[in-house]
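Please read this briefing with the sequence and the model side by side. The points are grouped by topic.

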Amino acid sequence: MSLGLQYKDQRKIFQEIETDTPYLEYPLFQNTGIVKHGFSTRLGGVSEGCYSSLNLSFTRGDKEESVRENFRRIGEAMGIKCENMVFTQQTHTANVRVVTEADRGMGITRERSYTDVDGLVTNVPGLCLVTFFADCVPLYFVDPVKKAVGLSHSGWRGTVSKIGKVTVELMREQYGSNPSDILAAVGPSICQECYEVSEDVVEQFKLHYKEEFWEDLFYRKENGRYQLNLWRANELVFLEAGIKQEHIAVTNLCTHCNSEILYSHRTAGDKRGNLCAFLALRETTE
């Protein structure tokens, strides 16, 4: 039984895991055998009203006890304990934090000791990186050679700042990752057809992306506004960072087109919940 998601094409980028708390995962990563990972949906939680039902944000006005139960449910579905999760503190920067044992539980079982962090990397088995979304782009990174992972949040500002490349460079610096070994994915987010932006946003992309790619990235409409392709932009960031084309999975799933099943800011504005991306190295005892 399908979750009812509408994909842009027939590529099998995602596997729909149909538990009581359903989620999506990538065969690209699952086939490595070294990670637990997923991307949540709106389904299978206890939140009500505009947050229904699997809201994973403590900051949008939902009941704290509902959000905690939602995290417990999605964690149980993925085989991840809440106390092992580590949250970002997203403000649309290109800041990426190295996560160590000292960060275990930050954001969910204890207060974060950091702010302005939109990406996380770690090589500690069992620690689960968690990032938050409702149209912005999740970026996943798995290095099966050095056994390291990264997870970043890339809205248009993060995409202009190329947080994906920043994440790869930090993995190379910290763990000796070779970009050519890294597997990477662009996660569920808003598609170009749904993402209208103003000219000042496009001007930022013109400054940071080569002109040969502009036709791929945006087009101008009669109303003077533009449709922007964050999926292609982040794919180009991956390639610029040295990741091989055959190691990249680019989403064919739009949050706005699927707003009954995935939260979308463009659809609902501030009256909504958040989705999450999860990524953890498996522990060797598993």
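Arg 220 has Tyr 226 in strand E13 as its bridge partner. Strand E12 and strand E13 (residues 226-228) pair in the antiparallel sense over three bridges; two strands count as paired if DSSP finds at least two bridges between them. Helices (H or I, at least four residues) and strands (E, at least two) are DSSP runs, numbered from the N terminus.

This is a predicted model, in which local features need pLDDT of at least 70 and side-chain atom pairs count only at pLDDT 80 or more, while totals for chains, interfaces and linings use all residues. Residues are numbered from 1 along each chain as its sequence is written, and side-chain values use heavy atoms, with hydrogens and water left out.

**The sheet**
- Three strands form an open antiparallel sheet in the order E11-E13-E12.
- Strand E11 (196-197) and strand E12 (218-220) each have a single partner strand, so one side of each is left without a neighbour in the sheet.
- Strands of a sheet pair through backbone hydrogen bonds.

**Helix H7**
- Eight of the 11 residues of helix H7 (residues 230-240) are buried, so the helix is largely enclosed by the rest of the structure. Buried means under 20% relative accessible area, exposed over 50%, and partly exposed in between (1.4 Å probe, protein chains only).
- The buried residues of H7 include Trp 231, Asn 234 and Phe 238.
- Asn 229 caps the N-terminal end of H7, with a side-chain oxygen 3.1 Å from the backbone nitrogen of Trp 231.
- Gly 242, which follows H7, has a positive phi, near 105 degrees.

**Salt bridges**
- A salt bridge is a side-chain nitrogen of Lys or Arg within 4 Å of a carboxyl oxygen of Asp or Glu. By this rule the count comes to 15 salt bridges.
- Glu 196 and Arg 225 form a salt bridge through their side chains (2.8 Å, N to O). This pair links distant parts of the chain, 29 residues apart: Glu 196 is in strand E11, and Arg 225 is in the loop between E12 and E13.
- Glu 196 is partly exposed at 23% relative accessible area, and Arg 225 is partly exposed at 32%.
- In helix H2 (residues 64-78), Glu 64 and Arg 68 lie four residues apart, about one turn of the helix. Their side chains meet in a salt bridge (3.0 Å, N to O).
- An α-helix has 3.6 residues a turn, so residues three or four places apart point the same way.
- A network of salt bridges links Glu 69, Arg 72, Arg 73 and Glu 76.

Definitions and conventions
Polar contact = N/O pair within 3.5 Å; in protein donor to acceptor, adjacent residues only side chain to side chain.
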